[in-house]
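The sequence and coordinates are shown first.

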Amino acid sequence: MIKISLEDRIALVTGASGGLGSVIAQTLAQAGATVAVHYRNGKAQADSVVAAIKALGGRAQAFSADLSDPEAATRLVQDVDHALGSVDILINNAGTDGTCAVVGKDDSQHWQQVLDVDLTGPYYCARAALGPMQKNARGVIINVTSVHEFIPWKGYSAYTAAKAGLSMFTKTLAQENADKGIRVLAVAPGAIQTPINEAVWSHPNSLKDLDEKIAMGRLGKPSEIAYVITFLASDLASYITGTTVAVDGGMLIYPEFRHGG
Ligand code: BGC
């Protein structure tokens with residue numbers, strides 16, 4: 001029988017108080033990892049993720065940090081190291097869509113905020129985790145991007161630019177570390193039903209419009225991302241690095257072309 005085991009691994013999941021991150025954290029724990037549950041503001045949610053993991057006999061602890069601050073990101077990785085052990089698996093999940101505004105009607109402060117959270121934060125965390133990973137010659141970094149690393153999205157230029165940037169960061173970091181026992185990957189979720197896109201899926205008309213953009217005709221569940229991430233973080237995926245795995249129900253296969261070209 002093939003079993004995914006992360007038994008002796010320490011995983012740090014950023015944004016683990018949120019819709020996707022909380023499920024990623026719990027799924028990694030179910031595979032045996034000890035999980036550092038990072039949050040910025042959602043202490044109560046992070047504590048309940050830790051409690052849920054412990055209730056199933058897993059190991060987890062919550063950590064707070066503002067990851068747009070390089071020192072805070074370094075401190076987070078060090079705190080996890082002291083409390084739980086050296087980070088083997090880093091899931092850069094924390095992210096934001098930002099608010100919808102076309103270029104010219106947006107403001108540069110908002111651009112910077114989205115870039116800070118979606119691109120610079122993952123860079124700071126990866127940089128902090130890399131040293132110990134290189135020392136141990138063991139590590140996996142998974143950056144959660146989006147189908148919008150490929151698909152332009154009106155009103156979300158900062159988000160698409162950040163996710164495309166995170167994709168190239170992933171590939172370059174993978175190239176720099178492929179001979180050091182460290183794999184670096186991106187997972188690109190499509191439309192997953194979480195609070196981030198609740199304004200869309202909570203109304204029948206916008207839900208129908210979104211479903212039509214997905215070849216499978218439905219939104220994804222957080223667990224459908226978390227299982228793929230758990231597999232990619234495991235030794236079963238030992239020969240994959242430097243690429244994006246899209247988990248999108250076929251958003252990237254242009255379902256509208258089923259009706260003619
Ligand atoms: C965004 C969601 C959106 C989905 C599909 C994701 O990256 O976070 O808000 O529904 O892409 O467009």
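## Helix packing, sheet and ligand site

Threonine 230 is part of helix 8 (residues 222-233); helices (H or I, at least four residues) and strands (E, at least two) are DSSP runs, numbered from the N terminus. With a relative accessible area of 4%, threonine 230 is buried; buried means under 20% relative accessible area, exposed over 50%, and partly exposed in between, with a 1.4 Å probe and protein chains only.

The model is predicted: local features need pLDDT of at least 70, side-chain atom pairs count only at pLDDT 80 or more, and totals for chains, interfaces and linings use all residues. Residues are numbered from 1 along each chain as its sequence is written, and side-chain values use heavy atoms, with hydrogens and water left out.

Seven strands form an open sheet in the order 3-2-1-4-5-6-7, with parallel pairing; two strands pair if DSSP finds at least two bridges between them. Strand 3 (60-64) and strand 7 (244-247) stand at the edges with a single partner strand each, so one side of each has no neighbour in the sheet. On average, neighbouring strands of this sheet are turned by 20° against each other, direction ignored. Axes are lines fitted to C-alpha atoms, for helices over the stretch in contact, and angles run from 0 to 180 degrees between N-to-C directions.

Strand 1 (residues 10-13) pairs with strand 4 (residues 89-92) in the parallel sense over three bridges. Leucine 12 has leucine 90 in strand 4 as its bridge partner. Strand 5 and strand 6 are also paired in the parallel sense, over six bridges, and isoleucine 141 stands opposite valine 184 in strand 6.

Eight of the eight residues of strand 6 are buried, so this strand is largely enclosed by the rest of the structure. Ile182, Val184, Ala186 and Ala188 point one way from strand 6, while Arg183, Leu185, Val187 and Pro189 point the other way.

Valine 140 belongs to strand 5 and counts as buried at 6% relative accessibility. Leaving aside neighbours within four places in sequence, valine 140 is in contact with Asp88, Ile89, Leu90, Met133, Arg183, Leu232 and Ala233. Valine 140 and glutamate 224 are 84 residues apart in sequence and 19 Å apart in space, C-alpha to C-alpha.

**Helices on the sheet.** Helix 1 (residues 19-30) lies across strand 1, strand 2 (34-39), strand 4, strand 5 (139-144) and strand 6 (182-189), and runs at about 175° to strand 1. Helix 4 (residues 108-136) lies across strand 4, strand 5 and strand 6, at about 175° to strand 4.

The twelve residues of helix 1 should span 16 Å at 1.5 Å a residue, and its end C-alpha atoms are 17 Å apart, which agrees; the expected span is 1.5 Å times one less than the number of residues. The buried residues of helix 1 include Leu20, Ile24, Thr27 and Leu28. An α-helix has 3.6 residues a turn, so residues three or four places apart point the same way.

Just after helix 1, glycine 32 takes a positive phi of about 110°. Most residues other than glycine have a negative phi. Alanine 137, in the loop between helix 4 and strand 5, has a positive phi near 50°. Tyrosine 254, in the segment after strand 7, has a positive phi of about 45° and is exposed, with a relative accessible area of 55%. Asparagine 41 lies in the loop between strand 2 and helix 2 (43-55) and counts as exposed at 68% relative accessibility.

**The ligand.** Which residues surround the ligand? They are Asp97, Ser146, His148, Trp153, Tyr159, Gly190, Ala191, Ile196, Asn197 and Met251; a residue is near a molecule if one of its heavy atoms lies within 4 Å of it. The table gives polar contacts, pairs of N or O atoms within 3.5 Å.

| Side chain (N or O atom) | Distance to an oxygen atom of the ligand |
|---|---|
| Aspartate 97 | 2.7 Å |
| Histidine 148 | 2.7 Å |
| Tyrosine 159 | 2.6 Å |

Notes. Contact means heavy atoms within 4.5 Å. A polar contact is a pair of N or O atoms within 3.5 Å; within protein, one must be able to donate a hydrogen and the other to accept it, and residues adjacent in sequence count only if both atoms are side-chain atoms.
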